[in-house]
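I opened this notebook to record what I looked up in the structure shown below. The entries are kept brief and follow the order of my reading.

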Amino acid sequence: MTSPALSPASSPETLPHTGAQLVIESLLAQGVDTVFGYPGGAIMPVYDAIPGSGLKHILCRHEQGCAFAAAAVGRMTGKAGVCLATSGPGATNLVTGIADAFMDSVPLVAITGQVGQPVMGTDAFQEIDTFGITMPIVKHSYIVRHADDIPAVIAEAFQIAESGRPGPVLVDLPKDIQQAVTSAAPLEGSTSMTPIDVDEDALRRAEALIQQAERPLFYLGGGIVRSGATQVVRDLVEQTGIPAFCTLQGLGVLPTGHPSLLGMLGMHGCKAANLAVQEADLLIVVGARFDDRATGKLDAFAPKAGIVHFDRDASEISKLRHANVGVACEIKPVLEAFRPEPQDISAWQAQCEEWKEAYPARYDAPGEGIFAPALLKELSEQAGDSFVGVADVGQHQMWIAQHCRFSRPQAHLTSGGLGSMGFSLPTALGAKVAEPDATVVSISGDGGVMMNIQELATLNRYKIPLKVMVINNSRLGMVRQWQELFFDGNFSEVDLSDNPDFAKVAEAFGIPAFTISKRDEVSAGIDRFLKAEGPIFMHVVIDPSENVWPLVAPGKSNSEMMEADDDY
Amino acid sequence: MTIETFTIECDNVNGTLRRIWTIIEQRGWYVRSLLVEEIEDGSITRVQVSPHGNNRSVETLRLQLERLINVRHVKLERRSRQKPSQWKEIPHAAVI
């Protein structure tokens, strides 16, 4: 299992030691300094090994929070975060966070306790088939059967999680393995993975297609971020002058306001981006996967365009849309060597610019109430380049994507693939731990915040200076919007008007909090929010009937966008 | 009914066969028959699959199987047969 890239760490003084101690030493040897976890019966030997080990442990208040927080480390740094949980319910509570990491290709190492091998398969207390339950949502997984395997398994887990198309790796540790005595030493470094061969001929054909194209567009996705290729892509866009649009996960690859950026495409995308994609004759797809929320009706998506597709995962190429040229590759080095020379596309550039000017975002909602898009725009602009907005899921998530200013891709963390409510608070917590100098803001709706509100206790316990904003429309807003538009206004189980007073709830957790509900309170509220030195909670009351515009109805083409009435 | 046949060479590691089965089912196909042969340093699996619906790319499934960590190589043996082979068919609900 080991390779020459691995080397034993300096021999610990404690040899021989237990499997549990070896787990901790192996994590430290991989450069891990913080783990997010929750103890329980089958992982107790590992917890016994934590005090005095030098490994910092953050006790979240629910295992789902541990998984989201650990994945946030991966989202921010590209290095796998680590979560720890016990067997049975501890492991099943991790599942949503692991699935979220899988869907968004985020590196994560999840370590779960398991009942001892002698009782595995007997329906022992808190025994569940964690390996089987998580199989469809991990990049890889292990049940460790020998304590001597721990160093190689942990090293390999990190390598797999972080390399290629990143993803979560599960390590299931039976209790007897944790308690076993071993002389194995932790391994530093990582196992080596075979690099992917680049098809040079495909690159030349891609360059030829770009040279022939009259209306080319870059289609930029989250794979760029996971590959650490943001700057390379920025250089390529600027060198070619080809207009570009982003997916939800690709926001920030080009900074907001970049002259070549048309905005986000898709269901709640910018009209300019959605119009341009329908007219393009070539899409240069980089690290994107033709997600249905991005493409709308697939048969009608970019009907005039050929496809050049760069992706680390060969199985994404031609999965949903045939690629005229597909390049399975490590995106960063390949794009560094990729030098397309488009023909004169000034007419196309002018057309794209015209669309951008014709369809700007609107902030002219009538009334006295707070208009969330305007608030979010002001928040991100006041926070500046250090802003990291962590969305939950729902209407506010789309408003953040549409209206916030992002200086880099890590400035926008969102549950894009899984769309998991409850994502924001623990993810923001993990992001703040990973990057303490960033202005990290958790932004949730009143539905989502209730799904992991217990993590306010974690903020208070560790005094993590996180900013928590709840945009409260007393509804499950996105579901309400769809019921209004597509279910004849039959509002079914979306009323949350019996929500608690969120500011009082936050204060009960020891977090200073305040509420605003009028438009003229926004600027002062944001100012107070951003200037707070410790954790702070801002409760924003908005109009329950507000909708997210524009909108491509499900099953429709991106060219058929529904828009707000003139009077909103 | 379209039937595709893969030959999959993989490491003989705990869970690999289950992982292969999971991917096939997860990606919109079902396993019609399965034959596993142990070789010196791993195993070779021959599996016949059929799609749920008609819009599934067998090449995409091949690549999705090939990206599994302990899978070394996946070969599409023959395309679009109309009848299953004479291998013993494993009931759909069977667990490996």
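Against which helix and which strand of chain A do the buried residues of H20(A) pack? I found that they pack against helix H16 (395–403) and strand E19 (439–445) of chain A. Contact here requires C-beta atoms, placed from the backbone, to lie within 7 Å. Helices (H or I, at least four residues) and strands (E, at least two) are DSSP runs, numbered from the N terminus.

**Basis of the entries.** I note that this is a predicted model, in which local features need pLDDT of at least 70 and side-chain atom pairs count only at pLDDT 80 or more, whereas totals for chains, interfaces and linings use all residues. Residues are numbered from 1 along each chain as its sequence is written, and chains are lettered from A and ligands numbered from 1 in the order in which they are written.

**Helix H20 of chain A.** I listed the buried residues of this helix (residues 477–486) as A:Gly477, A:Met478, A:Arg480 and A:Gln481. They lie on the same side of H20(A), because they cover an arc of only 160 degrees around the axis; the arc is that of the directions from the helix axis to the C-beta atoms. A residue is buried if 20 or more other C-beta atoms, placed from the backbone, lie within 10 Å of its own, exposed if 12 or fewer, and partly exposed in between. Just after H20(A), I noted a positive phi of about 55 degrees at A:Asp488.

**Chain A as a whole.** I recorded 22 helices and 24 strands in chain A. The radius of gyration is 24 Å, close to the 24 Å of the globule rule for 568 residues, so chain A is as compact as a globular protein of that length. That radius is taken over C-alpha atoms, and the rule is 2.2 Å times the number of residues to the power 0.38. The C-alpha trace spans about 70 × 60 × 40 Å along its principal axes. Of the 568 residues, 55% count as buried.

**Strand E5 of chain A.** I found five of the five residues of this strand (residues 81–85) buried. A:Gly81, A:Cys83 and A:Ala85 are on one side, with A:Val82 and A:Leu84 on the other. Strands pair if DSSP finds at least two bridges between them. E5(A) runs parallel to strand E3 (residues 34–37), joined by two bridges, and A:Gly37 stands opposite A:Leu84. Five bridges pair E5(A) with strand E6 (residues 108–114), also in the parallel sense, and A:Cys83 stands opposite A:Ala110 there.

**A:Glu546.** I located this residue in the loop between strand E22 (536–541) and strand E23 (551–552) of chain A. Is A:Glu546 buried or exposed? It counts as buried because it has 24 C-beta neighbours inside 10 Å. Beyond four places in sequence, A:Glu546 is in contact with A:Ala372 and A:Asn473. Its C-alpha atom is separated by 8.4 Å from that of A:Asn473, 73 residues apart along the chain.

**Interface and confidence.** I noted that the contact between the chains takes twelve residues from chain A and twelve from chain B. Strand E7 (residues 140–143) of chain A gives the most to the chain A side, with three residues. The predictor gives the complex an ipTM of 0.89 and a pTM of 0.95. Chain B averages a pLDDT (the predictor's confidence in each residue, from 0 to 100) of 83. Over residues 89–96 of chain B, pLDDT stays under 50. Where pLDDT is low, the predicted coordinates should not be read in detail.

Notes. Two residues are in contact if their C-beta atoms, placed from the backbone, lie within 7 Å.
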